[in-house]
Amino acid sequence: MKERTRAKRTGTLAEHLMVMVFFLVLVFIFTMPFSLHIADHVLAIPVDNLLNAYFMAWDAHALVTNPTALFQANFNYPSRDSLAFSEHLFTLGVLSAPLRLFTRNPILAHNLILLLFFALCGYTMYLLAKYLTGSRAAALVAGFFFTFVPYHFSTIVHVHVTLYFLQPLVLFFLIRYFEGGGKAYLFGFGVAFLSQALMSWYQLAFSTIPLGFYLLWRLLSIRNRRQLVTLAGASLVLAACLLAVVPFALPYLRLRDNVMEEESRPAENPVLEARPSDFRRVIDENLLYARTGFFNRGHIGEGNALFPGFVVLLLVALALLSPFLGRWGCNRLLRHGGSEPPAGTASGREAEGKEVAEMRGPTPEEGEARREEGPGPTAPESCAPVARDLPHPRPPARDRKGPASYVLFFLLLAAFCFVLSTGRRFLGGENLLFKYLHKLPIYSLVRFPIRYHIVVVLSLAVLSAYGTAWLCRLLESRGRYLTAFALPCLFLALMGVEFSVLFMPFEPVPVGDQVPRVYRDLADMERGVVAEIPTPRLVNFPNYEDPLVINYGNVDNAFKAAFREQLSIYLSTYHWQKVVNGMSGYYPLFYRRVLAEMLSFPSGRSLSFLRVLGVRYLVVHWDYFPENTGEVVRPLLEALPGVSLLRDYPPDITLYVLEGMESLPAPGLERKPFLPMKVKPGASFNASLGFSNPSDRPFLNTDEYRMHLGLTWKDASGREVMSEEAYYYLPFFISSGEEKIAGFQGRAPAEEGRYELVVTALDGPFRGETWSVPVTVGEVPSGSTGEGLAGTFSLNLAALQAKAFAAGRAEARKGELWLRLSPGELFTLPVTAANLGSSGWSRNLPGEIGRVEVTAFWDVEEAPEMRSSQHGLLPCDMSPGQKAAFDVALQAPSQPGDYHLTLVLNCLCVSQIGEAVTIRVEVR
C-alpha cells in the first residue's frame, strides 16, 4: 500500500514537471530569437520594459535597505510616493530578488521572471481545467489557449497585465476548498489572492470579479450550516487579504486625491476600450492571420489583439451545446469531473452513476481489484482513454457543482467582463455596468477597460476545456480511444498554427560593463541628487501657471523622451542616488515644473532652479542636444557660477558638480488675495492667492500636495452664514522679483447682500493666516454673449523696471521697450486690467468660450507663418468696476532672434477687450 501511494505521488510530481516543461519549451520557441538574448535585450521596445525592470529592482533594493520607504523610490525627486506613479509590482519584485542578487543584472532578472511566469499561465490553467473536467488532454488545450492567445502576446511588455498566472490558481484553490478540500486549500487561496493583489491593481481588480461571482453563487446555493461555515471562512480570508493590501493602497489614494480636477477624467487613448474591430485583430508577428488582409493588425504593447482563434470558438460552442445533447450531454459524461462516483451517493442516482462508470471504464482502483479476481475483457493499453481522471482523491459529492453549472458560471463571467471591456459605451448607449462598478475604489484605478478581456480569456479557456473533455468522453464511450487521443493533439496543433508568432522585435539594453562609466562611478560618490540634462522639451504648451497641466502630447518626440527618462531611472539601479528625472504613468507636479524650467538650459534661471533644488551631480548628454548646439551650450554652462567640471566621459557625457543655493523660506513671500467684488447668488467663483518674491533669493516649494483654505461668509451683522473648504497648490518656483498666482474656487451664499469673506489658511506654511475681503452677492451679467464688454489693459512699466530685468535686460531703444531673454526662458510681465463694462469676466470656465484671458503673440518680422501664441489667466473673476494688477507667466521662443511680443486681453471666441500692448524682445 505504501509503495502504491509513493508511486502515485511520484507520478503526480512527474506529471506536473512535464506540464511545466511543456509550456516552458513552447514559450522559449514562441519568443525566439529573443529567448536566446535575455541577458541584455528586452522584447519589443525598451519603454515600459525598462520601467518594469527598474520597479522590480527597486522593490528588491528597498526590502533589504529600508522596507518602510518602499514607495519613496529614488526617481522624480523630490516627489513623494513616486513608486505609486505606476504599478509597484511588489510580488514580482520579491520573486525576482534572488535572481537579481545572484546575477546582478536587472534585465536578466526581469526577462527570466517574464518568460517563467508567462509559461506558468499555462500550468495554472492546466490545474484549474484538469480539476473541473478531470481530463489531462482538455486541461492542456485550455492551458495552451490561455498562454498563447494573441491578446497575451499583445500585452507582453506590460508585466503587470500579461503575467496573469495567478488568476486560475486563485479560482482553483477556492473551488477545491468549497468542494471539501480542507484548510490547506483555504490557505493556498489566501496566499494566491494576496500575491495577485500585490502584483498590480489591474490583477487585483480582475481577480475580485470571478471571486465575487463565485462567492455569490455559493451563497445562493447554501443548504446547510456546514456550507455556511465554509463560505464564512473564505470571506474572512478574502477580507484579511484586502486588509493587508491597504498599506499598499494608501500612496495611490493620496495621489488620486491630489490630482487636479482637469486630470480627473479618464485619459484619451486609442486602446482605452474594446472596439468591435479589435475582436478580429492579431499582432503583426502572427504568421497565419497577420497577412491575410481580413484581420486587423496590432503592435506588441498595444493590448488590443482580442481575436481568440477559431479552434477555441468551436470548443466553446461544444461546451455550451453539450448540456442540451440528451444522454450524451455534459452532466452525464462529466458528472463528477471524471472521477468515480463517491461513496455515499444517494440511492436514486446509483443507476445513473453505474451507467456513467460503464461508459468511462473502470477506475485505477477497480482495475486493480479486477486483476486480482482474474483477467477480463479490457481495452488495449495503447488505446487507454485520454480523458480519464487523474488518480487524486476527490472531495465529497454533496458540495460539488455539476459541469453544466460551471459552464453557465463561466459563460456569465465572460459576458460580464466583455461588457466591462467596452468601457463607457455599449451597443450605442451608456454602459451602466461600467459606470457604477467604476465608482468603487478598486475599479476606479482601472484606466484601460479593454484589459478586462483577461477574465474573458480565462472564461474561454475553461469553456474550451469542457468542450474538449465532453467530445473526448463521447468518443471514449463509443470505444473510439485512438480518436479521443488524437483530437486534443489536433486541437493543440491547430491552435499552435493559429497563434504562432515569429521574430518578435527585441532591443539591446546596457548591462554590466556596457553601462556608461558615469553611472558606475556615481555609486562610489557621496550621496546626493542627480539631474540628467537635457530633459524632454515641452511643445504646444501655452500656459505656465502652476500647477502645470501636461500630457504626452505636450512633449516633443514623446517616445524618445520617454525612453531617455526611463533609461535614466533604469541606470540609477547601478548607483541608487536620488534622481530628478523619470517618466511613468503619471506626471508628478514638480516634474512638470522641472520640464518647464529646463526649457532655457543653461540660463542662469535654470541653474539657480537646480541648485536651490539641491541637485549635486549634473549629468550632461551632449548627444541629446539638437545638432551643433552642444558646442554652444558647454561654454555657457561652465561660465555660470556654482558649476564645476568633475569629469568627461568619452564620447558624449560630462559630469558636473553644482554648489547648493539657499532658498527663500515661505514666510518671506508677500501674500495677497485676489477675489471678485461681486458674485452670483449660489454660484461658484474663481479666486486666487498671489505670492511675490521681494528678495534676491529664489523661492522653491517641494510640497506637491494640496493646501486647504477655509472660506467663511459673514453678513453685515458679523453672523456666520456659510463656510466651506477650498484648496490650492502653492507655486513651486518663484524667482527673484516674480509673482505667481495660486488659484482656488469657492461658492457664494444663496441670499443676495453684502458680505465679508474671510479666507483662512488651514495648513501649509501659512497655517492660521487670514485675509478678509468685502464681497457683494448679486446678479452679474455674463460676458460670454459679448454684451457689456469693456475695459482697459496695460503693461505696468514701473513694476517691470523693478524686476530682475533692470540689470541690463530691460531698456528703451528709440521709444520702444526691449527685453533681452535667453532661448526658452520663462519670465513674467506685470500687467493691469480694469473691467469698465457691465458684464463680468470669468477667469475659468468648463468650456473655453467666454473665458477672459491674456493672449500673447510672438511674431518674427517678415515671417508671419512663424507666429505662436501663449496665454495667461486672470487672477480671479472680475466683476464690473474691478481693477487688478497681476503677473502673466510666459516663455521666450527657443529660436534666437528679434521678436514682436503682443499682449491682448480678450474674451475667448467673443471679443477683444481694450487696446493691445506691444514690446520688443531680443532672444540670444
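How far is the sulfur of Cys489 from the closest cysteine sulfur? In this predicted model, where local features need pLDDT of at least 70 and side-chain atom pairs count only at pLDDT 80 or more, totals for chains, interfaces and linings use all residues. Residues are numbered from 1 along each chain as its sequence is written, and side-chain values use heavy atoms, with hydrogens and water left out.

The closest cysteine sulfur to that of Cys489 belongs to Cys472 and lies 9.1 Å away, too far for a bond. Likewise, the sulfur of Cys909 is 8.6 Å from its closest cysteine counterpart, in Cys907, again too far for a bond. The structure holds zero disulfides (pairs of cysteine sulfur atoms within 2.5 Å). Cys489 is partly exposed, at 38% relative accessible area, whereas Cys909 is exposed, at 66% (buried is under 20%, exposed over 50% and partly exposed in between, with a 1.4 Å probe and protein chains only).

Beyond four places in sequence, Phe410 touches Leu132, Leu171, Leu458, Ser459, Val462 and Leu463 (contact means heavy atoms within 4.5 Å).

Val316 sits in helix H12, residues 310-321 (helices are DSSP runs of H or I, at least four residues, numbered from the N terminus). Val316 is buried, at 8% relative accessible area. With neighbours within four places set aside, Val316 contacts Leu460, Leu463 and Ser464. Ser459 is 143 residues from Val316 in sequence, yet their C-alpha atoms are 9.6 Å apart in space.

Note on methods:
Helix = DSSP H or I, 4+ residues; strand = E, 2+ residues; numbered from the N terminus.
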